[in-house]
Amino acid sequence: MYQYSEFDRQFVRNRAAQYRDQLERYLAGTLADDEFRPLRLQNGWYIQRYAPMARISVPYGELSTAQLRVLAKIARDYDKPDAALLADAQAKQSALGSVPVPGTHTQIGSQLKYGYGHFTTRTNVQFNWIPLEKSAEVMELLASVDMHGIQTSGNAIRNITAEALAGIAVDEIADPRPFAEIMRQWGALHPEFAFLPRKFKIAINGAKEDRAAIGWYDIGLQLVRNDAGELGFRVQVGGGMGRTPIIGAVVSEFVRWDQILNYVEACIRVYNQYGRRDNAWKARIKILVKSEGHAYIEKVEEEFRQIIELDGAPHTITQAEYDRVAAMFVPPQLAAREQERNRDPAQAQIREIIRADAEADPHYDRWLQRNVLPHRNPELRAVVLSFKRLGQAPGDATADQLDAAADLAERFSAGEARVTHEQNLVLPWVHQDDLPQLWAAARKLGLARANIGLLTDVIACPGGDFCSLANARSLPLAEAITQRFQDLDEEWDIGDIDVNISGCINSCGHHHAGHIGILGVDKDGKEWYQVTLGGSDGTNLSGPAAPGKIVGPSFSAAEVPAVIDAVIGTYRQLREGAADGRFETFIATLRRVGIEPFKAAANSARFAEKEVA
Amino acid sequence: MRQTLDILSPATHQAQGAERVLHLANDVDPLSIPLDDVDRIELDFPKFTDGRAFSQAWLIRRRRKFAGDIRATGDVLTDQLVAMQRCGFSSAVLREGKDPADARRQFERFAAYYQADTAEPLPLFARQA
């Protein structure tokens, strides 16, 4: 992991002190509401439906045990609404009604919780109940473990993401993390780019497979080697979700690694000057790239040339800086296994018992297949802890679970965990001999469900239970789907599928990229949902990044679980066996037969009353 | 960092002459305008959240090496002054009712930043090397 220098440490401390200064001026009335708003947003503080929301930056998803424990402390000590606020919020949310679990009489309503952190699709961590008066204290606490909320919101360069298997993937071209860290520092408090037309998101992928959804980003960077063997980036600009889902256009096939900051500076400067500011819905860079087309690329090329020739290419990454940062991302030293075992025969015996128990349990085998991923070091594995389970919102981790995850990372993964954009945690440095013990420990914590990549591994934003932007709730739907597909045999039979839920068109649940996407829309003040089919985030499973296609008019909240059920039922009828004896996946079937039969199934799940009305 | 930005009140600003002053609109490309016979360039912030003038100042100062005064006018608030200085502004007209003492504190807080800017020719990593 990256280790903060004394400069880095002082920088986040200064940032926390600056935020306290701003908060105090706001509370004293010398900073008006609209003046304070962009300042708190650029530290990650939103004001939501019932309380502030804090979004804490987790650069490229990496967390240390010390950081996880401070997040646990914040969840435990600060993420606490007072009783009256919670009761009022719960009453208002309950009044929104409930959704049925198909095939049962169970109804799922809102169940507001507190005392937890939430992993987001952009690998950040959010808290929902911290009073604004305590916000400066929280930032100081975070700074004590090299964390912050710098530019996790606002119209600035946001947290830079990379794929969760960076540095360990078997198909890696180069490790994206040194570049993500160098770019993070370059973007932090950049004086020119703090008030862009709109938010600005960058993702870097270093593997052959795109696991960072780079097509969907304002700037998506793919590490590549050119014919001469030099390392560089293919640069895509202008991807984005929202009202107008667009996949980024390739503006350069190759920018040498040491020039990437200069090139990104050119891309963003042209955007800052020419991006639309008259309409927030048309202000993202994707609209500029789409309307200007090749003219945008020419402008960037000319600006890049001038940065190099006239400005002296100031942000050319030096070999020394790359080496300094890259040295912190080398694999950790792991204890030699044989020696350790020989040292303590009693421990070795216990390990053998745990192993025998695990291997006798079919759940362990399933867990190995779904939650354990190959590693570049053949002795090691990456293990996904599933934060998708009954009764807890996707990506939510209680204070105790955050502490427990820290313990697991400490015991089994060299003190490191990573937030995935699918809202789970990866332990990247697990020895294969430790898998039975890790499984047993994770299972006790409820974090070992073998559902990674399956239907109940639902991606969802907090939605209308918390977010003031949301048109509709995400969480009751996620819970209804999770309850409906609790039978692990059935879930395994359905196989790989991406289900994504966003409570509004801001698309925090990445619904456009879901094989099944669910989007909350507002009609007559009631909750309705648009369903899309066939979207892709860009992985090998899903194919080139693309938005899903909309299935007819929107559905009422109560209809949605049955719609999902019907679409899945159609897949199981239409799928064919693949050569390897397994069934073709949902997305492969959809691509082969087209959207129509799925559309018909979805529409058949509409309530009759609505057709009459 | 050391404050070099001249923070002006609206009254002081208005009392100064308008000779050899160029007002540059936000949508004008600062690379294309003649700067001979100009002592001061005024760049406007229609709203403090409209950041186009940051890029304009940057280009005028760093790329065109303009040595005269670059002044921020319009919706100029306390918490953007440091960024203005770093982008090449040499003076700023602080909006009526804002306390310049609050602004001075912001300059003192950070000794240095990561990026190169118009005063620092090199980014931190190259300065430290």
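**Entry: a phenylalanine in a strand.** I started with F254(A), which is found in strand β12 (residues 249-256) of chain A. F254(A) is partly exposed, with 16 other C-beta atoms within 10 Å. My cut-offs here are 20 or more other C-beta atoms within 10 Å for buried, 12 or fewer for exposed, and partly exposed in between, with C-beta atoms placed from the backbone. Leaving out residues up to four places away in sequence, F254(A) touches V224(A), N226(A), G232(A) and R234(A). A contact means that the C-beta atoms, placed from the backbone, lie within 7 Å. I also checked Y217(A), 37 residues from F254(A) along the chain: the two C-alpha atoms are separated by 18 Å.

**Entry: ground rules.** This is a predicted model, and I note that local features need pLDDT of at least 70, side-chain atom pairs count only at pLDDT 80 or more, and totals for chains, interfaces and linings use all residues. Residues are numbered from 1 along each chain as its sequence is written, while chains are lettered from A and ligands numbered from 1 in the order in which they are written.

Entry: Most residues other than glycine have a negative phi. I found A213(A) with a positive phi of about 55 degrees, although it is not a glycine. A213(A) is found in the loop between β9 (202-205) and β10 (219-225) of chain A. Is A213(A) buried or exposed? A213(A) is buried, with 25 other C-beta atoms within 10 Å.

In chain B I looked up D37(B), where phi is near 65 degrees, again a positive value in a residue other than glycine. D37(B) is found in the loop between β2 (21-24) and β3 (40-45) of chain B. D37(B) is exposed, with 8 other C-beta atoms within 10 Å.

**Entry: the open sheet.** Next I traced 5 strands of chain A that form an open sheet in the order β3-β16-β17-β14-β13, with antiparallel pairing. Which strands stand at the edges? They are β3 (62-64) and β13 (372-373) of chain A; each has a single partner strand, so one side of each is left without a neighbour in the sheet. I call two strands paired if DSSP finds at least two bridges between them.

β3(A) pairs with strand β16 (residues 416-419) of chain A over 3 bridges, in the antiparallel sense. E62(A) stands opposite R418(A) in β16(A), and the bridge partner of S64(A) is E416(A). R418(A) stands opposite V426(A) in β17(A). β16(A) and β17(A) form a hairpin with 5 residues between them, and Q423(A) in the turn has a positive phi of about 70 degrees.

**Entry: helix pairs.** The axes of helix α3 (residues 65-77) and helix α14 (residues 399-412) of chain A come within 8 Å and cross at roughly 170 degrees. That makes α3(A) roughly antiparallel to α14(A). Under 35 degrees counts as roughly parallel, over 145 as roughly antiparallel, 65 to 115 as roughly perpendicular and the rest as oblique. Among the residues that meet are L68(A) and L71(A) in α3(A), and L402(A) and A406(A) in α14(A).

I then looked at helix α12 (residues 345-359) and helix α15 (residues 435-444) of chain A, whose axes come within 8 Å and cross at roughly 70 degrees. That makes α12(A) roughly perpendicular to α15(A). R351(A), I354(A), R355(A) and A358(A) in α12(A) meet P436(A), Q437(A), W439(A) and A440(A) in α15(A).

Terms used. Axes fitted to C-alpha atoms, helices over the stretch in contact; angles between N-to-C directions. Helix = DSSP H or I, 4+ residues; strand = E, 2+ residues; numbered from the N terminus. Contact = placed C-beta atoms within 7 Å.
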